[in-house]
Amino acid sequence: MIESKLFRIPMLGPDDVSGLKALVDQGVINPEEVIAILGKTEGNGCVNDFSRGFSTLAFRSYLQEITGKSHSELSKQVAFVMSGGTEGVMSPHAVVFTNRVKNNTLQDEKSFVAVSGFTREFLPEEIGTKSMVSEVAKSVIKLMDSAGIDDPEDVHFVQVKCPLLTSERINDAHTRGKQVVTHDTYKSMAYSRAASALGVGVATKELKEADITEQDIGHNWSLYSSVASTSAGIELMNCELILMGNSRLGSGEYWIGHGVMQDSIDLQAVLRTLKNAGLNFEELPNRRELNRIVSVFAKAEISSTGIVRNRRTTALTDSDINHTRHARAVVNAVIASVVGDPMIYVSGGAEHQGPDGGGPIAVIVSQ
C-alpha cells in the first residue's frame, strides 16, 4: 500500500520555504518521504523566468540541509516542478507530495496515488521532437507500473516539467552540426510542451506513437491528451514527472478525478470534473462539499484562432502581455469562482493538452 499525501502551502515569494519548514518542524511532513514539489511562482512564465530556478534552489537546499542528502541523491528522489506565472488572482503556492510505502497489499477499492520520476537528459536538438515523445512515454509507463496502475483510465493527471532552448543550447547543437526545432527560444517552450504532452498521450493509449509525425508536433491540434500538463523551464535539460491516479495500492485517503475544458471559460467542465472527483451537488457545490477539495490542477490556453465562443479576443495580438499570461488569469478566475479559492495550480501553454483553446483539469478530494 502506498500512502500518498499532499500539502498545499502558501508562498510569500519564490524562495519562501517557511510553510514546508513549519510542517516538517511540527512532524506533519517527514522530509524523507517527499517525492515531489509542484509550485506556482510569480515570474512571467517565459524563457527568462528565473523565479522557477530560484524556487527550485530554495526548496532543494532546504531538503538537502534537513535530510543530509547530496544534490545528486535528492535529484533522484524528488521532482521539483516549478511553473511560473500567477497572473490575475492566482495565489503563489507549492504542493508538496509525500509517499509512505507500507506494503504491496492491494486494497478492495481504488484511491489516490502519486508517483514521480525522470527522463534522461536531452540534447538541444532533441527538444520538441519525436525523441522527446518517445522518452516521455517510456517514463510515464514506468510510473504507471510503480503506482500499480494497469488501466490508463485510472491516470487522471500527469505533470511534466520539460526543458527549453536558449541561445547557448542552440549554438551547442550547431557546433556539432545538428539542427534544432526552432531558433526562437520562446517558441521552443511550446515545442517542448507539445512533444512532452504527446508522450503522455502515447503512454495512456490516447494516441499511437506511429501516427505522430515530426510535423504534427506543435501543429496538429486534433492530437491531444486529456490528462497531460506540461510546463517548460530554463532550469533543466531532462523531464521531471508527477503522475496522479487512482490505484488499488492507494491508502484510501483521497480520490482524484479529471475533465477537459473545451475553452478557457468552460464552467460546465469544471462542474463535471468536481462531480467526477466525487463531490455531491445538483447545480453548485455547497461549502461542506467544497471543503473536501485538497487541490486543483489545470491547463490554460487561448485558441489558435483567437476566437472564444464566436467572439474576437486580443490575447494573441497583445504585444505587451503574452497570451499564456492571459490564459492563466482567465482559467484561474473561472475555476476559483466555483471552488471559492484562488490558490489553484494553473499552467499556461496547453499544446496537445486538451483541445485547441481548452485544457485538462483535475481535482483531488478527501474521501
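The legends below describe close-up views of a predicted model.

Local features need pLDDT of at least 70 and side-chain atom pairs count only at pLDDT 80 or more, while totals for chains, interfaces and linings use all residues. Residues are numbered from 1 along each chain as its sequence is written, and side-chain values use heavy atoms, with hydrogens and water left out.

**View 1. Helix H2, from its span to the glycine just after it.**
Helix H2 covers residues 51-67. Helices (H or I, at least four residues) and strands (E, at least two) are DSSP runs, numbered from the N terminus. The 17 residues of H2 should span 24 Å at 1.5 Å a residue, and the end C-alpha atoms are 24 Å apart, which agrees. The expected span is 1.5 Å times one less than the number of residues. Buried residues of H2 include Ser-51, Arg-52, Phe-59, Tyr-62 and Leu-63. Buried means under 20% relative accessible area, exposed over 50%, and partly exposed in between (1.4 Å probe, protein chains only). Just after H2, Gly-68 takes a positive phi of about 75°.

**View 2. Packing of H1 on H2.**
Helix H1 (residues 18-25) packs with H2 at an angle of about 25°, and their axes are 10 Å apart. Axes are lines fitted to C-alpha atoms, for helices over the stretch in contact, and angles run from 0 to 180 degrees between N-to-C directions. H1 and H2 are therefore roughly parallel to each other. Angles under 35 degrees count as roughly parallel, over 145 as roughly antiparallel, 65 to 115 as roughly perpendicular and the rest as oblique. The H1 and H2 crossing is right-handed. A crossing is left-handed if the near helix is turned anticlockwise from the far one by less than a right angle, and right-handed if clockwise. Leu-20, Lys-21 and Val-24 of H1 contact Phe-59, Tyr-62, Leu-63 and Ile-66 of H2. Contact means heavy atoms within 4.5 Å. By class, the residues of this contact are 6 nonpolar, no polar and 1 charged. Ala, Val, Leu, Ile, Met, Phe, Trp, Tyr, Cys and Pro count as nonpolar, Asp, Glu, Lys and Arg as charged, and the others, Gly among them, as polar.

**View 3. Packing of H7 on H9.**
Helix H7 (residues 267-276) and helix H9 (residues 323-339) meet at about 50°, with axes 10 Å apart. That angle makes H7 oblique to H9. H7 passes H9 in a right-handed crossing. Leu-267, Val-270, Leu-271 and Leu-274 of H7 meet Val-334, Ile-335, Val-338 and Val-339 of H9. The contact of H7 with H9 has 8 nonpolar, no polar and no charged residues.

**View 4. Lys-205 and His-352, two non-glycine residues with positive phi.**
Most residues other than glycine have a negative phi. Lys-205 has a positive phi of about 65°. Lys-205 sits in the loop between helix H6 (185-203) and strand E7 (228-233), and is exposed at 68% relative accessibility. His-352 also has a positive phi of about 65°. His-352 lies in the loop between strand E13 (345-348) and strand E14 (359-366), and is buried at 1%.

Glu-126 is in the loop between strand E5 (111-118) and helix H4 (130-146). Glu-126 is buried, with a relative accessible area of 13%. Gly-259 belongs to strand E9 (residues 254-261) and is buried at 12%.
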